[in-house]
Amino acid sequence: MRKLNIGLSEEQRTGVIELLNKDLANSYLLLIKTKKFHWDVVGPQFRSLHQLWEEQYQALTETIDSVAERVRALGGFPVGTAKGFVEYGSIQEQADHVPLATEMVAQLVDDHELIIRNLREHIDKCSEDFHDEGTADFLTGLMEGHEEMAWMLRSFIEGEALQADGKKSDLDKVPAMR
């Protein structure tokens, strides 16, 4: 392969590629979980959640492709196996049961928020440690996408949040901002 001359050292590119592969793995694990919930959801929220999750897994598919292409643009190779996704990722599965719809939503919110926290850390590292402002900007866009997806999911359960047993929870009343 021809040596890259893009203003980043081999060490900088390797560090950024490592971060990107972690983000790729988490995005792929989230895609799998979102698709699984899309298939398994039942109840009165079925149609709206089924459609929302279809929109979200389509967006995640585009994100995954973009991250993998960014890795290639930096001269690396994206993680691309189930084993690699599990090794690089931090999103956990719950394969032992099918949760109620509201628990599915809550799990996906937690996963998006985990990715958002990781992306914030990776943005800082790309900028401060590796001096790769291009990737920092790229990751900022990904973070904004996950923030929107998390907001959509949180909005679904706010106000009428249910416990996994179907009972209404005693949530603190949050005053509206005026």
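The lining of the second largest pocket divides into 7 nonpolar, 4 polar and 4 charged residues (Ala, Val, Leu, Ile, Met, Phe, Trp, Tyr, Cys and Pro count as nonpolar, Asp, Glu, Lys and Arg as charged, and the others, Gly among them, as polar). This is a predicted model, in which local features need pLDDT of at least 70 and side-chain atom pairs count only at pLDDT 80 or more, while totals for chains, interfaces and linings use all residues. Residues are numbered from 1 along each chain as its sequence is written, and side-chain values use heavy atoms, with hydrogens and water left out.

The volume of this pocket is about 240 Å³. Of its 15 lining residues, Lys 33, Lys 36, Glu 93, Gln 94 and Ala 95 are the closest to the centre. A pocket here is an open set of points on a 1 Å grid over the protein atoms alone, where a 1.4 Å probe fits, with protein on both sides within 12 Å along at least five of seven lines; lining residues have an atom within 4 Å of a point. The volume is the space filled by probe spheres set on the points, which are joined across faces, edges and corners.

Which helix gives the most to the lining? Helix 1 (residues 10-40) does, with 6 residues. Helices are DSSP runs (H or I, at least four residues), numbered from the N terminus.

Now for the helix pairs. Axes are lines fitted to C-alpha atoms over the stretch in contact, and angles run from 0 to 180 degrees between N-to-C directions.

| Helix pair | Angle | Axes |
|---|---|---|
| Helix 1 and helix 4 (residues 101-129) | about 170 degrees | 11 Å apart |
| Helix 4 and helix 5 (residues 133-157) | about 160 degrees | 8 Å apart |
| Helix 2 (residues 46-73) and helix 5 | roughly 170 degrees | within 12 Å |

Helix 1 and helix 4 are therefore roughly antiparallel (an angle over 145 degrees). Their contact (heavy atoms within 4.5 Å) includes Leu 30 and Phe 37 of helix 1 and Ile 115 of helix 4. By class, it has 9 nonpolar, 7 polar and 6 charged residues.

Helix 4 is also roughly antiparallel to helix 5, and their contact has 18 nonpolar, 7 polar and 5 charged residues.

Helix 2 and helix 5 are roughly antiparallel as well. Among the residues in contact are Trp 53 of helix 2 and Phe 138 of helix 5. This contact has 11 nonpolar, 7 polar and 1 charged residues.

Technical notes:
Helix = DSSP H or I, 4+ residues; strand = E, 2+ residues; numbered from the N terminus. Parallel < 35°, antiparallel > 145°, perpendicular 65-115°, else oblique.
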